[in-house]
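Keep the structure in view as you read.

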Amino acid sequence: MVSNAVAGLMDEYKRFNGTTMNELFAAEAGRAEKYTLNFEGMTFDYSKNRFDDKVLAALFELAREHNLESRIEDMFSGKKINITENRAVLHTALRNFSGKPVTVDGVDVMPEIRRVLAKMKEFSEAVRNGSFKGATGKKLKNIVNIGIGGSDLGPYMVTQALKKYWAEDVQCYFISNIDGTACAEVLGQVDPEETLFIVASKTFTTIETLTNARTCREWLVKALGEAAVANHFVALSTNAKAVAEFGIDVNNMFEFWDFVGGRYSLWSAIGLSIALAVGYDNFEQLLKGAEAMDKHFRTAPLEQNIPVIMALIGIWYNDYYNIHRYAVIPYDQYLKSLPAYLQQLDMESNGKSVRLDNKKITDYATGPALFGGAGTDVQHSFFQLLHQGTEPVPVDFIIPAVSHNEIGKHHEILLANVLAQAEALMRGKTVEEAAAELRNAGKDEVTVEKLKLNKSFDGNRPSNMFILDKLTPFALGMIIAMYEHKVYTQGVIWEIDSFDQWGVELGKQLALKILPELEGGVAAAHDGSTRALIERVRKIREAC
């Protein structure tokens, strides 16, 4: 049965579809100001989207029909909103500086969070000032994070984004892929006497992470001896027994908790590499930026709530316009890894097809596909599709108004490009305008007729614009939390669990069966293609 809010939105789509953004701006001179919000050094202009006041009102009604405001409070209060795993979802508690308790099963989790943060501060400062040394007495200048998924993507993205804040004598490296090349390339660049390895695995059993960690351990032991492991390895884990068996001093084990999902874990001990690279004070500013967005998400009215507005506009496109993809384009080289990070956040969270009531979703779409890259590079790769492809792709543009590297006119040109791309996507160019341009360029009528359609642009392609004053740790924390809350809002409205990830399990299970077969074991039951491929790979490897 279609709900009242959904029926209302269907009616609004029928009424509004066919209206262009050019028409909306022509009809309302103050549209940009009306649909712009400013928050903590960030400008959010969402005026270049396909909506009017009536559409927005229907979207806010949809949110209220799903009790969004109370569902937001459920997350912050420690309710077990991860239904399939019966867990609270409290990455927000990791950046709670209010002094107020946050309880799970009647226990305040804040004292334990503060303890681990204090331990991270003490350790990161000891490494950075040289009081915690390597086995030969040298300062540990190379930080190698070994993890996968959220234990890699988050810290990697943040350290890259905040590279301007790195200590001068620190280098950060990340190993995640089980491909041996990932280890080989990093180990070929670092000096064992000056290298600290961070092994990030909650259970200390993750096959990719532990395989890479053991390879790095063998490399270190070969160079410095078995006793050096305690000086050159730390663990982000809860499995003290396995950590000790690996040779890591359990005093150098940093815990995190079941209420922190992997893709939300950079705020926890998983962020140790961040604190080592940029310093604990800057890591804390990252947390405080996220906390500022948390407070906004929790307290702002829906009509002025940035993550909620982002989420509702996304649902409007995904479920009513049937546009099942969007792009995130940061115009900042430091943010080049942000789209990859957001892919995991969004697609792992909301790539679901089962509702919270344990019924299959058959009548609407959930998580869209996300892609992106750094502007202006991507203008020369996939922007052709954005401007003239058969389907529109909504875009989030992100740029700091002031660069960390104000060299010549570089940043002015970058700013001009991002503003121009958003305008071009919306305005487009009519066939008549294209023809006039060709004639003004002196082209004959045969050429005009041949090229005018190819040089026209449909326009009416939506985008959001986020302008940061400057890319700081605080601003980055705010941006990341903003997308976290956008994703959660969409999950609430789609009635799915945004915090489990069962979809990653099946491939892992089958890989564990195939591995011994590649090594010569008895073949298990497989389809004909997989069985033939296993045999083919074995023959190739045996011949080498």
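Two strands pair if DSSP finds at least two bridges between them. By that rule, strand β5 (residues 142–146) pairs with β6 in the parallel sense, over 5 bridges. The model is predicted.

**The open sheet**
- The sheet has 5 strands, in the order β6-β5-β7-β8-β9. The sheet is open, and its pairing is parallel.
- Its edge strands are β6 (171–175) and β9 (253–254), and each pairs on one side only.

**The hairpin and its partner**
- Strand β1 (residues 36–39) pairs with strand β2 (residues 42–45) over 4 bridges, in the antiparallel sense.
- Look for N38: T43 in β2 stands opposite this residue.
- β1 and β2 form a hairpin, with 2 residues between them. In the turn, E40 has a positive phi of about 50°.
- β2 also runs antiparallel to strand β13 (residues 463–470), joined by 4 bridges. There, M42 faces L468 in β13.

**A surface patch**
- I207, L512 and L515 make a nonpolar surface patch of about 270 Å².
- L515 lies in helix α21 (residues 505–518).
- L515 counts as partly exposed because its relative accessibility is 39%.

Notes
Residues are numbered from 1 along each chain as its sequence is written. This is a predicted model: local features need pLDDT of at least 70, side-chain atom pairs count only at pLDDT 80 or more; totals for chains, interfaces and linings use all residues. Side-chain values use heavy atoms; hydrogens and water are left out. Patches are made of residues with over 30% relative accessible area and no salt bridge: like charges are joined within 9 Å, nonpolar side chains (Val, Leu, Ile, Met, Phe, Trp, Tyr) within 5 Å. Accessible areas come from the Shrake-Rupley method with a 1.4 Å probe; for residues, only the protein chains shown count as cover. A salt bridge is a side-chain nitrogen of Lys or Arg within 4 Å of a carboxyl oxygen of Asp or Glu. Buried means under 20% relative accessible area, exposed over 50%, partly exposed in between (1.4 Å probe, protein chains only).
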